[in-house]
Structure formats: C-alpha cells, structure tokens
Amino acid sequence: MSGRYRVGAALAGAAVLTAAGLVAANWATADDAKHRVAPGPRVEPTKLIGKPAQKSSLTAEALQSELGSRAVGSYYDSAGDLVVAVSDAATAELVRAAGAVPKLVRFTAAELNSVQAELNRLAVKSRPGKVRSWYVDPITGTVVVNVPQGAHDVFTQRFVERAKEHGDQVTVRTVYGKVTTTADDFSLRGGFQVDKNTGYVCSLGFNARTAKGTRVFLTAGHCTAGRPSFSRNGYILGKTLTSNFPDNDFGSVDVIEGWDQQGYVEGWGSGSVAVYGTASPTVGSELCKSGKSTGWTCGRIVANNVTVNYGNNRIVRGLFQHTACVESGDSGGANMTGNYAQGITSGAALIDGKCLDKSNRPNESYSQPIEEALRGTQTSLVLGS
C-alpha cells in the first residue's frame with residue numbers, strides 16, 4: 001500500500017480543511033458548461049481528474065495540521081509516498097505511525113520560518129534587487145533563495161550576502177529566465193480570455209458568489225489593479241469589486257445579468273473540467289492550469305508559501321510554485337488538481353516571452369492559493385456537476 005493511502009487510513013476522522021488556494025495567471029473566461037470532465041492533453045487523465053487526488057492532498061494537510069510547528073513541511077516523492085520533514089526523532093515516530101515517511105532535517109520549522117520572515121522584511125526595507133523568490137523547502141530542509149543567472153547588481157548581491165549570513169539554513173540556487181506577471185497587451189468558464197478597458201488581456205479564474213448572492217469571477221490582483229472594467233467578445237462583463245496586489249495577487253469582478261456563470265474550467269480541446277470543490281497545494285501533487293495563451297498545460301507543485309519578487313517593489317507573498325507552462329495572457333486563469341480548484345495564475349519565469357521548457361529547462365510558474373482569495377473576497381465557488 002502506498003504512503004498516501006496508508007496515511008489516509010491512519011488519519012480517518014481527523015479535521016480536514018477543503019479550501020484551496022487561488023493562483024494568479026492571465027485572464028480567461030468560459031462560455032459553455034454543459035460538458036462533463038475531460039482529461040488534459042499532456043498527462044494521463046486517470047492521474048489528473050477525479051477525487052483521489054483531493055484525498056491525497058487533504059491527507060497531507062491533515063497530517064501537517066496535526067503536527068503543527070513540529071513539521072517543516074511535506075511533499076510526495078517520486079514513488080507517490082507522502083514524506084514529512086521533521087527535526088527530531090520523536091516527531092519522526094509520529095509521522096511513521098501515521099503511515100507517512102519521516103525525513104529528518106537539521107533545522108526546525110520555527111528557525112526556517114524566521115529566516116524567511118527576515119528576508120521578507122529585508123526585501124521591503126532595502127529591495128531584493130533581481131532575487132527572484134525565497135521559500136521554506138521541505139525537501140532540502142532549508143530556505144531556498146533563487147537568484148537569476150548573471151544577476152550581479154548591488155541590491156541583488158547585498159540581499160544574497162544577508163541571506164548567506166544564515167549559513168546552512170539557506171540554499172542559494174541559480175535560476176533562468178525573467179519572472180513576470182503574465183497579463184498581456186490585449187484582454188464564463190475558467191481559463192477564457194477577458195478584456196480590460198485599459199487594453200490589456202487576462203484570463204478568468206473561477207466563477208463565484210458572495211454571501212449576498214452577488215455574481216463575480218475571480219482573477220489575478222495585478223489584472224484588477226486600478227479597478228478596470230472587463231468585457232468579453234465585445235460585450236460588457238462588469239467592473240472590479242476588489243483588488244489585492246502586490247502582497248497578494250487576487251481580485252474579483254462583478255458579472256452583470258445575462259452571462260451564464262458555470263462551475264467549469266476550459267480544457268482547450270479536451271472538454272470542460274467540472275469544479276467539485278477546492279484542494280490545498282501539496283508539494284509533489286499534479287496540477288493543470290487553464291489560460292487564454294497556452295491553454296491547458298500540466299505539471300507538478302514544487303514549493304509552497306513562496307515570496308516572489310516581480311520587480312519595482314512588487315513583492316507577493318504566499319504563492320505556490322509549479323511546473324505547468326504559463327505565458328503572457330494566462331494571468332488570472334484557473335489552476336486545478338483533478339476536479340478541485342488549487343489557485344489562480346500569478347506569473348512565471350520566461351525566456352524571450354516563452355516558458356522555460358521551450359529552452360529545455362523546467363518551467364517556473366507561480367499561483368495564488370484559492371483559500372486566501374476566497375477569504376479575501378468573501379466568496380464561494382460556483383460548482384459544476
């Protein structure tokens with residue numbers, strides 16, 4: 001029996017949260033929600049569509065919730081087993097008893113979170129230069145700081161030197177391409193194109209409703225910055241209601257009467273994917289994103305709670321990183337694990353405007369978790385059937 005299913009049995013009855021994270025990417029909208037779920041084009045549908053993926057993700061969340069600050073983080077290894085990074089033998093035994101695989105690391109979660117918090121303060125106070133991102137990584141048991149190849153300016157070097165003062169608690173990595181938000185120069189199913197009255201284009205994330213029944217769609221906060229109005233195919237959609245960027249990257253837009261809000265995400269040639277609920281992003285989980293520029297692309301989640309520097313003092317916290325291809329125009333689009341919403345596309349590292357995999361390197365894409373977006377906009381998702 002694989003680790004993810006052993007954990008599920010061991011934790012039956014544990015309180016499990018089902019809210020997922022929104023990801024910021026290019027805008028997209030949807031028209032027809034009558035189709036049933038269909039697989040994405042780049043991966044086997046049995047691995048991406050359906051409720052078992054949600055079970056695994058929530059099992060990881062439940063176990064980490066039980067362990068609290070004793071766990072540095074968790075991820076699925078190449079065999080599909082749930083691995084939990086811990087810093088002491090006693091907690092390792094608890095992880096093993098729950099059916100997961102413990103991994104002993106040198107530093108505690110409190111120590112590593114403190115390092116990330118210090119780097120967050122440093123970035124706001126004195127600029128991080130071209131340093132791309134930093135996050136607590138359960139795989140290495142350190143705070144990973146990603147620095148673009150060839151970045152040697154004063155601000156970048158100063159930030160890296162301060163990070164290295166933490167010694168073995170920090171791992172500095174060289175990354176490639178230029179990270180940017182992924183709205184493009186032209187802008188109601190998730191992933192469809194929506195157009196801003198300022199002349200830019202984004203993608204629709206998810207249809208949602210407020211507690212009072214107001215119809216809205218969720219998208220990236222950098223798309224709603226300045227509170228523009230939106231249209232699709234020349235017809236008015238609505239005006240921005242809420243916008244949060246930087247710090248976070250999500251916003252909401254009201255949807256006027258006449259539009260058919262659907263609980264589906266566009267599969268771009270593979271049918272529509274019904275939204276059954278939300279899921280928490282877990283490192284190692286498979287993920288697919290829908291956006292107007294690159295359509296339906298898939299990959300894996302590689303990091304949580306990532307702080308990303310988009311330049312010009314635009315620093316966004318709490319994103320998750322994944323390897324699905326994202327390009328300009330995808331901002332605000334839907335991120336899914338199976339039939340469960342993970343988040344909203346925020347941005348990506350690009351080389352000559354293209355995904356890194358087109359230069360034979362792993363993609364580096366960022367998304368806003370759905371849970372925070374739903375809380376921040378006080379909305380709930382429109383679900384499919």
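Predicted model: local features only at pLDDT ≥ 70, side-chain atom pairs only at ≥ 80, totals over all residues.
**Thr 240 and its contacts**

Skipping anything within four places in sequence, I got contacts with Thr 224, Arg 227, Pro 228, Phe 230, Ser 252 and Val 253. As for where Thr 240 sits, I found it in strand β13, which runs over residues 235-244.

Next I looked at two of those partners. For Pro 228, I noted that its backbone oxygen is reached by the Thr 240 side chain at 2.7 Å. For Arg 227, I checked the C-alpha atoms: 5.0 Å separates Arg 227 from Thr 240, although they are 13 residues apart along the chain.

Is Thr 240 buried or exposed? I put it down as buried, because its relative accessibility is 9% and the cut-off for buried is under 20%.

**Helix α4**

Then I moved to α4, residues 89-97. I asked myself which residues are buried there. I wrote down Thr 91, Ala 92 and Val 95. These three span an arc of only 105 degrees around the axis, so I have them on the same side of α4. Over on the other side of α4, I found Ala 89, Ala 90 and Ala 97 exposed.

**The ends of α4**

What caps the N-terminal end of α4? I found Asp 88 doing that, with a side-chain oxygen 3.2 Å from the backbone nitrogen of Ala 90.

Last, I looked just past the helix.

Key:
Residues numbered from 1 in each chain as written. Heavy atoms only, no water. Helix = DSSP H or I, 4+ residues; strand = E, 2+ residues; numbered from the N terminus. Buried < 20%, exposed > 50% of the residue type's maximum accessible area, 1.4 Å probe, protein only. Contact = heavy atoms within 4.5 Å. Polar contact = N/O pair within 3.5 Å; in protein donor to acceptor, adjacent residues only side chain to side chain. Arc of directions from axis to C-beta.
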